[in-house]
Amino acid sequence: MVFNHILNDIRGKRMIRSYTAFTGEIDDVELAVTEIILQLQPHKNCLKSTAAIVTCYHEFATGGIIAELYKRLKFPIIGVTSTAISTNGGFGQLDFAILMLTSDDVTFTAACSPPLKQGLQEPFRQMYADALAGLSETPKLILSAAPLMLDYAGDHFVRALDYVTGGVPNFGTQAIDNTSDYSDSYVIYNNRAGRDFYSIIAASGNIRPQFCYSSFSPEFILAQTAAITKSKGNILMEVDGAPVIKYMEKMGLAENGIVSDILHSVPLILDYHGEGDTVSRVILSWNDEGYGICGGLMPQGAKFNLGIWDKHDVLKTTERTIEKIMQSEAGTFILYSCLARSYSLGTEILAETEKINRLIAKKKPYIFSYSGGEICPLRNESDSNSFQNNTIIACAF
């Protein structure tokens, strides 16, 4: 099915035009690409500088559709796999969405890193240098597509990119999928899909991004506080002076050393410095020593509270986030929500995805997907980039 694109009008202020496309055609590469091209109409809609963000079910990334699409579009594409997606033309779990950004006075450049298995600093330096090639000014926004690699906390990616960019506002997501070991989580760059590289779009010129995020309403955060007494990076070893598994047993999340199947979706809400700027974390996996491998850094000495998932609170915080960004004059929205938020929805797995579509689809061009980890500035200023779990984030421009 072909859907009409949504146009972000300039109206004297907005200097980016945005177009979206959606398809559920996964078996026929030519048909899928044709549907997308018909919706985007790049031959008549592309301005001086163009790039695109995609999100999709993993078979789109590995089955040849992305590669053929890049061959036809001939402009940079970054993106990730996800478990559910939404854009103006539709929403679903086994589908593909793309947001095309094009402008005469905003320059979009893109790059990807070399493989990250041996470290981040040099690959990120090279990636950013490639993105800056030919630019005469510092970017005002980085859009990130990050891999989900248990060797790194999401904070490692954020800090490494901050180091080379000097703190340019960074917004993006980690790839995710439905497997227990994340083996179908892919990052996309142009005609490639892989599990060990990072890709970015750098936007410079006449762009003024705004950011918004939400996690839990206060009434769904338990009052009982615990302290991280031993950790290493994103490895959680001890809580309140005891092995982490003992803490989980105390909280009813493990029994006789066996962890509950739902533990990877239990929110750990950290206050790093006791200043109220909280970040949320999840335990992604367990190592052979019985330590929790978390999505983000778990600094020793930090205190945390457990959050409680509630379907109505998830949908409420989603609606609150959308209402806030709708108050701006921005004409394009990019949204990501932690996969763990979808677990609270029970059999209505697409309730959040559907709500976002209903609230935005007829008003603004947008793209949304579930995330393995959320990258977003905590405030609308530089040097505030953060990594989150259990959060819905939005970027508007």
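1. Let's start with a sheet. Six strands, in the order β1-β6-β2-β3-β10-β11, make up an open sheet of mixed pairing. At its edges stand β1 (16-23) and β11 (192-194), each with a single partner strand, so one side of each has no neighbour in the sheet. From one strand to the next, the twist averages 15 degrees. Two strands are said to pair if DSSP finds at least two bridges between them. The strand and helix names follow DSSP runs (H or I of at least four residues for helices, E of at least two for strands), numbered from the N terminus.

2. A word on what you are looking at. This is a predicted model, in which local features need pLDDT of at least 70 and side-chain atom pairs count only at pLDDT 80 or more, while totals for chains, interfaces and linings use all residues. Residues are numbered from 1 along each chain as its sequence is written, and side-chain values use heavy atoms, with hydrogens and water left out.

3. Now look inside this sheet. Strand β2 (residues 49-56) pairs with strand β6 (residues 96-103) in the antiparallel sense, over 8 bridges. As background, strands of a sheet pair through backbone hydrogen bonds, either parallel or antiparallel.

4. Which helices pack on this sheet? Helix α4 lies across β2, β3 (77-81), β6 and β10 (187-189), running at about 20 degrees to β6. Helix α1 touches β1 and β6, and its direction makes about 150 degrees with that of β1. Angles run from 0 to 180 degrees between N-to-C directions, and axes are lines fitted to C-alpha atoms, for helices over the stretch in contact. Contact means heavy atoms within 4.5 Å.

5. These helices also meet each other. The axes of α1 (residues 29-40) and α4 (residues 65-73) come within 9 Å and cross at roughly 45 degrees. That makes α1 oblique to α4; angles under 35 degrees count as roughly parallel, over 145 as roughly antiparallel, 65 to 115 as roughly perpendicular, and the rest as oblique. The crossing is right-handed, a label used if the near helix is turned clockwise from the far one by less than a right angle, with anticlockwise giving left-handed.

6. Which residues make the contact between α1 and α4? From α1 come V29, E30, A32, V33, I36, I37 and L40, and they meet I65, E68, L69, R72 and L73 of α4. The residues of this contact divide into 9 nonpolar, no polar and 3 charged. Here Ala, Val, Leu, Ile, Met, Phe, Trp, Tyr, Cys and Pro count as nonpolar, Asp, Glu, Lys and Arg as charged, and the others, Gly among them, as polar.

7. The side chains of R72 and E30 meet in a salt bridge, at 3.6 Å from N to O. This pair links distant parts of the chain, with R72 in helix α4 and E30 in helix α1, 42 residues apart. A salt bridge is a side-chain nitrogen of Lys or Arg within 4 Å of a carboxyl oxygen of Asp or Glu, and the count by this rule comes to 7.

8. Next, another sheet. It is open and mixed, with 6 strands in the order β5-β4-β25-β24-β28-β13. The edge strands, β5 (90-92) and β13 (210-214), each pair on one side only. Neighbouring strands are turned by 10 degrees against each other on average, direction ignored. Within the sheet, β4 (residues 85-87) runs antiparallel to β25 (residues 366-371), joined by 3 bridges; I85 has S369 as its bridge partner in β25.

9. Helix α8 (residues 311-326) touches β13, β24 (333-338) and β28 (392-396), its direction making about 165 degrees with that of β13. Helix α10 (residues 351-360) lies across β4, β5, β24, β25 and β28, at about 165 degrees to β25.

10. Finally, a hairpin to look up. Strands β14 (residues 221-232) and β15 (residues 235-239) pair in the antiparallel sense over 4 bridges, and K230 stands opposite E238 in β15. The hairpin has 2 residues between its strands, and G233 in the turn has a positive phi of about 60 degrees. β14 is also joined by 4 bridges to β23, again antiparallel, with A226 opposite F304 in β23.
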